[in-house]
Amino acid sequence: MSEYISAGRLQEAALTEYNKLKSGIEAGTLSPKDRMSIPQQEMPVREPHERAHLMDEVALGYTTEQAIVEANRCLQCKNAPCISGCPVNVPIPQFVAQVAKGEFKKAVDIIKTTNLLPAICGRVCPQEKQCQGMCTVGKTYKNAEKSVSIGRLERFVADYERQHKLQTPPQVAPATGKKVAVIGSGPAGLTVAADVRRAGHEVTVFEAFHKPGGVMVYGIPEFRLPKAIVASEVQMLKDMGVEFRENFLVGRTGTLLQLLKEQGYDAAFIGTGAGLPKFMNIDGENLIGVFSANEYLTRANLMKAYDTEHADTPLYQAKNVVVVGGGNVAMDAARMAYRLGADHVSVIYRRTRNEMPARREEIAHAEEEGVEFRFLENPVKILGDENGCVSGVTALSYELGEPDASGRRSPVPIAGSEHDVSCDAVIVALGNGSNPLMVKTTPGLNADKKGHITVDENGRTSFPAVWAGGDIVLGAATVILAMGEGRKAAASINEYLNA
């Protein structure tokens, strides 16, 4: 378990470090050796046992001194390897250089040349596997966790801009008279809406739910990504002139063909995500108390089941919860269970900690909050009581064999190792598949055998004037990867409309 260090101690240490470096920072005389000696600034977070029962955001964000000290760790490499690790190619050294000088508004304006959602990306993107994974500082330490904390700096400047009411809508080109339909308001859809609107085209975003934001609203918990931040980013698009039509399920409320042929849209982008839950297909999955992580988190996030005084969303009261899976969604579900009243939460994962796909930070936060990890186990049956409710799971123990196609060592079952684990709820967090609605209601729109819409290198589908991107193409991916696909598709849409 990682050691919890209070926010006060971290901020005090940062102020001491800032005062020590202040003259060199102001004079611009810090050498590479000086920069390499600056300790990495940890993110202040709420006290674990207190936060485990609160929906408030766990990470508190850098102070001004922490941000400036951390930014001065950057070596300003000429080849900028961090940019190549970013799916949307944020000019990272340039924005970090402005943070190092205390020019926070300039910094966020630089980010927004390629990424209009910095407050979101700074919170939920796996920077350690992307930009920070390429950072020269981290490679010098031979540890990506020692890289410059690019994501934390991105979050800081985005929050600074919002808190000081400095946000300004990006400039929009003169109207072209062309109309674009964006289906889905997740990260891919919002990115396309922004880039296409900037080019002067009319944009309407169609969202099936009653609130825009996609997975950022229904999937990622409040304690990791406050919904007010998503709403602020959506408002920025509205200020640019993007129209949002909620409660509109394309394929049911109206078809894609109707949008293009009857409502006069010149192009469309499909960014409907991957929202079809996967289950284990074992006995007992139909018992009361078994949930997909998708449903469980949607009830809590979008429908605010935790707010019993103001929301009528039904909430299944469980005290001993088992979560199956090892990704970020599993961590979100496990941590949410405590906030919904559980006394004990276990995560069952059939590999070891080293193979878990979840972010290290999310695993550490879950462990700090009391989540128990049961590695090298997997349920083979869900047990029920006389009322048809979950009473436990029968699990099998595993050992690791040879690596599979993904490079992770394959779990091998140990014969005769069955054992029971007591619980009164099971949350299955094994990923999502693609909802087939768009393909079934759009003849000529091709998909692969997994239901992912097939596209070319520019995100263009088999259907005329229609592009797609994000999880509906990639499978369950990350916010920033979806945004990268959105940017690529938007560039192709703009080229098509301007031809």
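Analyst: Let's start with arginine 155, which is buried at a relative accessible area of 4% (buried means under 20%, exposed over 50%, partly exposed in between, using a 1.4 Å probe and protein chains only). Keep in mind that this is a predicted model, where local features need pLDDT of at least 70, side-chain atom pairs count only at pLDDT 80 or more, and totals for chains, interfaces and linings use all residues. Residues are numbered from 1 along each chain as its sequence is written, and side-chain values use heavy atoms, with hydrogens and water left out.

The partner of arginine 155 is glutamate 57: they form a salt bridge, with the closest N and O atoms 2.9 Å apart (that term takes a side-chain nitrogen of Lys or Arg within 4 Å of a carboxyl oxygen of Asp or Glu). This pair ties together distant parts of the chain, 98 residues apart, with arginine 155 in helix H10 (residues 150-163) and glutamate 57 in the loop between H3 and H4. Helices here are DSSP runs of H or I, at least four residues long, numbered from the N terminus.

Glutamate 57 is itself buried, at 14%.

For context, a search of the whole structure turns up 27 salt bridges.

Note on methods:
Helices (H or I, at least four residues) and strands (E, at least two) are DSSP runs, numbered from the N terminus.
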